[in-house]
Amino acid sequence: MSKQKLKRPTTRQLKNDITVIVKEIISLKNYVNDVLTPSTISIQHLIEQYVEYKGDIDNLIEYMEKEANKNEKRTINESPEEGQKEQTKGSGTTKDVSKDVKGIGTGSIQQG
C-alpha cells in the first residue's frame, strides 16, 4: 500500500482562492462602515445626551466599573481549569492537544 502524494494547488488556484477571500473581507468592511458604524455612533450620541440630561455621570461610571468587574470575574470563573497539563516530550504541545490533533490531517489545501 503506497500512499498517494496529495496534489498541491497551483498558483492560479491559490490566487483565485485569495481573491475570493479578499472580496469577502472588503464586502464585510463596507457593511461595517455603511451599516454598523453609523448606528453605533448614533446610539453612543443618544446615550451621551441622556447622561448629560440626567447629570448622573458619576453614578454611570460607578455602575460601569461594577459591571466590568462582574464580567471579569465571570470570565475568570468560566475559564476551563482542569489542573496542570503535562507537556509531551519534544512536541511543544500538551498531551490533551496531541490527542485531538491526530485526526486532523496534513494541513494541505483541499480543492473541491
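What follows is a short exchange about a predicted model of one protein chain.

Trainee: What makes up the secondary structure of the protein chain?

Mentor: Three helices and zero strands. Along the sequence the pattern reads α-α-α.

Trainee: Why is the contact of Glu62 and Lys66 called a salt bridge?

Mentor: Check the distance. The N to O separation between the two side chains is 3.6 Å. The cut-off is 4 Å, from a side-chain nitrogen of Lys or Arg to a carboxyl oxygen of Asp or Glu. Glu62 and Lys66 are at 3.6 Å, so the pair counts as a salt bridge.

Trainee: Where do Glu62 and Lys66 lie?

Mentor: Both are in helix α2, residues 57-78. They are four residues apart, about one turn of the helix.

Trainee: Is Glu62 buried, exposed or partly exposed, and how do you know?

Mentor: Glu62 has a relative accessibility of 43%. Buried means under 20%, and exposed means over 50%. Glu62, at 43%, therefore counts as partly exposed.

Trainee: What about Lys66?

Mentor: Lys66 has a relative accessible area of 48%. The cut-off for exposed is over 50%. Lys66 is therefore called partly exposed.

Trainee: Which residue forms a salt bridge with Lys70, and what makes it count?

Mentor: Glu67 is the partner. The closest N and O atoms of Lys70 and Glu67 are 3.6 Å apart. The limit is within 4 Å, so this pair qualifies too.

Trainee: How are Lys70 and Glu67 placed in helix α2?

Mentor: They are three residues apart, and therefore separated by about one helical turn.

Trainee: Why is Glu67 not called buried?

Mentor: The relative accessible area of Glu67 is 25%. Buried needs a value under 20%. So Glu67 is partly exposed.

Trainee: How many salt bridges does the rule give?

Mentor: Two.

Trainee: How much of the protein chain counts as buried?

Mentor: Of its 112 residues, 2%. The accessible surface comes to about 11200 Å². Carbon and sulfur atoms account for 56% of that surface.

Trainee: Which residues make the nonpolar surface patch?

Mentor: Leu14, Ile18, Val22 and Ile26. The patch covers about 320 Å².

Methods
Residues are numbered from 1 along each chain as its sequence is written. This is a predicted model: local features need pLDDT of at least 70, side-chain atom pairs count only at pLDDT 80 or more; totals for chains, interfaces and linings use all residues. Side-chain values use heavy atoms; hydrogens and water are left out. Helices (H or I, at least four residues) and strands (E, at least two) are DSSP runs, numbered from the N terminus. Buried means under 20% relative accessible area, exposed over 50%, partly exposed in between (1.4 Å probe, protein chains only). Accessible areas come from the Shrake-Rupley method with a 1.4 Å probe; for residues, only the protein chains shown count as cover. Patches are made of residues with over 30% relative accessible area and no salt bridge: like charges are joined within 9 Å, nonpolar side chains (Val, Leu, Ile, Met, Phe, Trp, Tyr) within 5 Å.
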